[in-house]
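Student: I've got a structure open and I'm a bit lost. Could you show me how to read it, one feature at a time?

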2 protein chains.
Amino acid sequence: MKMSKLYTPTLREMPSEAEISSHKLLLRSGMMRKLVSGVYSYLPLGYRVIRKIENIVREEMDRAGSQELLMSAIQPKEIWEASGRWDNFGAEMFRLKDRNERDFCLGPTHEEYFTNLIKDEVRSYKQLPLNLYQIQTKYRDEKRPRFGLIRSREFIMKDAYSFDKDEEGMKVAYKEMWEAYEKVFTRLKLKFKIVQGDSGTMGGNESHEFMAMSEVGESLVAYCEHCDYAATDEKAQVIYKVSNDTDDEKEMEKVHTPEITTIEDLVEFFDTEESKFGKALVYKAAGETVVAIIPGDRELNETKLCNYLKIPEHELELADEETIIDITGANKGFTGPVNLKKEVKLIVDSRITKMKNLVVGGNETDYHLKNVNYSRDFTGEVAEDLLLVKEEDICPKCGEILSMDRGIEVGNIFQLGTKYSDSLGAKFLDENGKEHPFVMGSYGIGVSRSMAAIVEQYHDEDGIAWPLVVAPYHVIITVINIKNQEQMDLAEKLYKTLEEIGLEVLLDDRNERAGVKFKDRDLIGIPIRITVGKRANENIVEYSIRGREEKIEVETEKTLDLIRGEFIKEGLNITRV
Amino acid sequence: MKMSKLYTPTLREMPSEAEISSHKLLLRSGMMRKLVSGVYSYLPLGYRVIRKIENIVREEMDRAGSQELLMSAIQPKEIWEASGRWDNFGAEMFRLKDRNERDFCLGPTHEEYFTNLIKDEVRSYKQLPLNLYQIQTKYRDEKRPRFGLIRSREFIMKDAYSFDKDEEGMKVAYKEMWEAYEKVFTRLKLKFKIVQGDSGTMGGNESHEFMAMSEVGESLVAYCEHCDYAATDEKAQVIYKVSNDTDDEKEMEKVHTPEITTIEDLVEFFDTEESKFGKALVYKAAGETVVAIIPGDRELNETKLCNYLKIPEHELELADEETIIDITGANKGFTGPVNLKKEVKLIVDSRITKMKNLVVGGNETDYHLKNVNYSRDFTGEVAEDLLLVKEEDICPKCGEILSMDRGIEVGNIFQLGTKYSDSLGAKFLDENGKEHPFVMGSYGIGVSRSMAAIVEQYHDEDGIAWPLVVAPYHVIITVINIKNQEQMDLAEKLYKTLEEIGLEVLLDDRNERAGVKFKDRDLIGIPIRITVGKRANENIVEYSIRGREEKIEVETEKTLDLIRGEFIKEGLNITRV
């Protein structure tokens, strides 16, 4: 492709709306454009990357025995009502009506649809296992779309669904997908971790997330460097040691604490540690008021609370001040588990039940209670673990210390079990003619999000540095002076030669200053660079690799060997990357 | 692929809802499934065909210098309001609101969006010409979705848009796309005609449609066998000869015609020919009542009437009886151009103005008027041509006789001019720094519809007979008895050999009777067939081609040459079809 013809509108200015590198660079390099918040178009260079990622995903899915198909993006309400997710998805689901006032959504995912598809068509255990996938545009009306392709409202996803006759079969499928995903992300050159995930609104049991590690990732991953434990912060089990569980219970006391409401102030006032407090959090959970009590030195994990309450996350929100005053009879900052004015659901983290002589809010403005003890002074529903993991927590698997890092969730795999087959009535007949619901799994890869994750891991201050395997073009030939006939002739000849052996080549034949061309070359991040300049008359060109310092001057023909070497190094085949 | 693993749920029964062959066969062969009216999923075999069609389209578009990208499917109301099409599209447009109550549609086409994309990014004539395309799912909420993929509500389309600095440039782009389309449909093995089309709601001037000829096509094509004239029935110019234009004007007479309202009854009553009547049609056109007068022996062309009135077709409908009584003072069947009771827009086909001594409705129940003459007895707005073409009309180009056939519109090309660039303010600077709107063209190919058109042209009573170039697999190996080890071994070995040389092969290893396998083989329409049966022990297999009578028994190795011969005959390369 000649760059004089290529549509890649690069921007000199940094797009003001963009906060993270992938967002900025994909816009600046003309790989994508925003239409409205969270909705993007992929321009020619960007779409080439998308298609390369898709093809890698496709190859590995095919190899794992999954079969590709394509479902519609619009889906009727009925199948979502059957699973209970029409309501569960809340405002995140784009909804519409057709001309006959029938309700549809734009598919945020396709569990219901795939289950509905095979229902009544797959009837026998002999047709199992079955694994189907599609690569498709998905829709989620995010509350706060941000970070470009990381959290967008329209995005490209590969989603797969497995159907098995039993749990064992599902686990085999799960493992196959796990392995296929490892291959995909390895081929995409992503540095990633596989971590235990929370199943959330997907239902089902075990799940894992594939995290491309990145400082700008929205997910926090807790992992152990001493064993293979890794989990999202939403999921990670918190081992919390109570130090004073054998202390004697002292007499409860009311203490005047005027305007002392924050943990910091309380620590100072009572001259003790954060861990001696019982922190109360008031929520509205699906309409109901809930008070959760956790150790004062920890944060509450809202996902765990939702799971405990069995509600979707969008139905949980912190209560407003009015509600707090209503249930405690006191201003905010003085809520505690003892003597609440109204009957509310009180949920207590299991560690609270062991902590002796707690300081808690008094449910009276400007008062706290000290020496409060569970069972003697208050009771509630006990939840095993409501805590958010933090750096240096104890590894629940080996007892060593956990580390934490940020990641971008680029893939996930879920063991769904029979949630969808049960609710949609999708059944098969076993060897004895007995009906059973399919045992299912679902498996997603964020294709457009993977593109962003690659940019996050492969860029510098000058632009993107695509790994060869997904680069929009393999080679860029820059002509320093297009008015110099020798330079143009040599460049054109090389361009032709390289294209003929199956390479994807950009020829920068634009009538621009060399500086502009170099800047754009860095920005769009083509890995292999050949510069045709002054020494064209000697048949000498400059060869370099994006992101590496080294530049060498070589005879034109020599570049072919160098390029072949680069492909071999990356484990790629020139004629079929 | 082994058929024991393949998900292609074939149906023995004919799907009752399907009226035409492509619809029936694509369902029966398990290539697609309906979700709701007009919305389909492509199952593994069908999606392979779709992807092959897409790749042919992609190759020819790339070759013609168009660049692929991908826009979002959801589009904000604002850009459609700017072009005036938010209202124009009517109920055919799927509309939705996001969580912030902002209006969007699901793109039925992308003129506005592409224009908006390049606006402010392409600023100079130096960046022109530019031609961009995408292959994407489109949405039209059809009033009567039918014929499966022929008229569906969600469909796959390739749409391209060209931007030029002047009319001349646009015409070059138009010609390039024309030629690319010829190549696409030729490669797809479709028998097609290129016909003049009506530009309708697209705006602009010239347009052509690529029609895959088929008895079940929804479009009628008028064409001349003596010259290259061809046009859709909506567009075809009607040459209508008035025979009595030099007759003397006789005195107008009122005639009592009790309960005589149809043309047949009138012909009998007045003992004359249909062509002596002036037929009146009453419409509601964008709220206004319109009476059109045309020769009694012809049908009115509603597209031409809409174009004359400059309204979209969904705003035209035949008036109800109440309206007719209101404007004529008479029952239905007695409407005419003379003495209408209310002032309405009266539009007269130009031929009516030359016809002498017409018989027309009297605007009084049970009365007609004879010897009515334009100008003397009534006047109205004169439209050049409101008539619908019919078989044996005169060719407007060479004067010979027109033929008519049905076709499926698989492609269209439009010269848009500046309709969209004007309304969206998309401008560039010319050599002298002066601003001009882009001169645009738009170009569509129905990908999913092309699949249906291919099936219409390539099938028999037993099933589909895919042309090799788009067949989901090239070869099917049928094992007569999978329990016979010799048969299975030979089949597996051949399967491996054929896959290794780059062929796409199905191995029917299912535990089914041979008859079932043969039926399915015919139904799914794989072109090259190899049967491994009794003579496996002699290394002899049966070779045949779908749709051809001939079957030959050959040594297994000989099939490779036969297959190569078939590829060469079809102009295809085995390693890259």
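This is a predicted model: local features need pLDDT of at least 70, side-chain atom pairs count only at pLDDT 80 or more; totals for chains, interfaces and linings use all residues.

Student: Is His368(B) buried or exposed?

Tutor: For that, you look at the relative accessible area, and under 20% counts as buried. His368(B) has 3%, so it is buried.

Student: Which side chain does His368(B) make a polar contact with?

Tutor: That's Thr257(B): a polar contact of 2.8 Å joins the two side chains.

Student: Okay, now a whole helix. Which residues of helix H8 of chain A are buried?

Tutor: H8(A) covers residues 302-309, and its buried residues are Thr303(A), Lys304(A), Leu305(A), Cys306(A) and Leu309(A). They pack against four strands of chain A: S14 (278-285), S15 (288-295), S16 (316-318) and S17 (345-349).

Student: And what goes on at the two ends of H8(A)?

Tutor: At the start, a side-chain oxygen of Asn301(A) comes to within 3.0 Å of the backbone nitrogen of Thr303(A). After the helix comes Lys310(A), with a positive phi near 60°.

Student: Let's zoom out. Which domains is chain A divided into?

Tutor: Domain 1 (49-236 + 403-456), domain 2 (253-383) and domain 3 (473-569). If you take centres over C-alpha atoms, domain 2 and domain 3 of chain A are 66 Å apart.

Student: Which residues touch the most other members of the largest nonpolar core?

Tutor: That core has 88 residues, and the ones you want are Trp466(A), Ile477(A), Leu498(A), Ile530(A) and Ile563(A). Helix H2 (residues 44-63) of chain A gives the most to this core, with 8 residues. Domain 1 and domain 3 of chain A each supply at least three residues to this core.

Student: What is Ile477(A) in contact with, leaving aside its neighbours within four places in sequence?

Tutor: Its contacts include Ala491(A), Leu494(A), Tyr495(A), Leu498(A), Val505(A) and Ile530(A). Apart from this core lies another one, of 86 residues, among them Val49(B), Ile150(B), Ile464(B) and Ile545(B).

Student: Last one: what scores does the predictor give the complex?

Tutor: An ipTM of 0.91 and a pTM of 0.92. For chain A, the mean pLDDT is 95, and 99% of its residues reach 70 or more.

How values were computed:
Residues are numbered from 1 along each chain as its sequence is written. Chains are lettered from A and ligands numbered from 1 in the order in which they are written. Side-chain values use heavy atoms; hydrogens and water are left out. A nonpolar core is a set of buried Ala, Val, Leu, Ile, Met, Phe, Trp, Tyr and Cys residues joined through side-chain atoms within 4.5 Å. Buried means under 20% relative accessible area, exposed over 50%, partly exposed in between (1.4 Å probe, protein chains only). Domain bounds come from an automatic or database domain assignment. Contact means heavy atoms within 4.5 Å. A polar contact is a pair of N or O atoms within 3.5 Å; within protein, one must be able to donate a hydrogen and the other to accept it, and residues adjacent in sequence count only if both atoms are side-chain atoms. pLDDT is the predictor's confidence in each residue, from 0 to 100.
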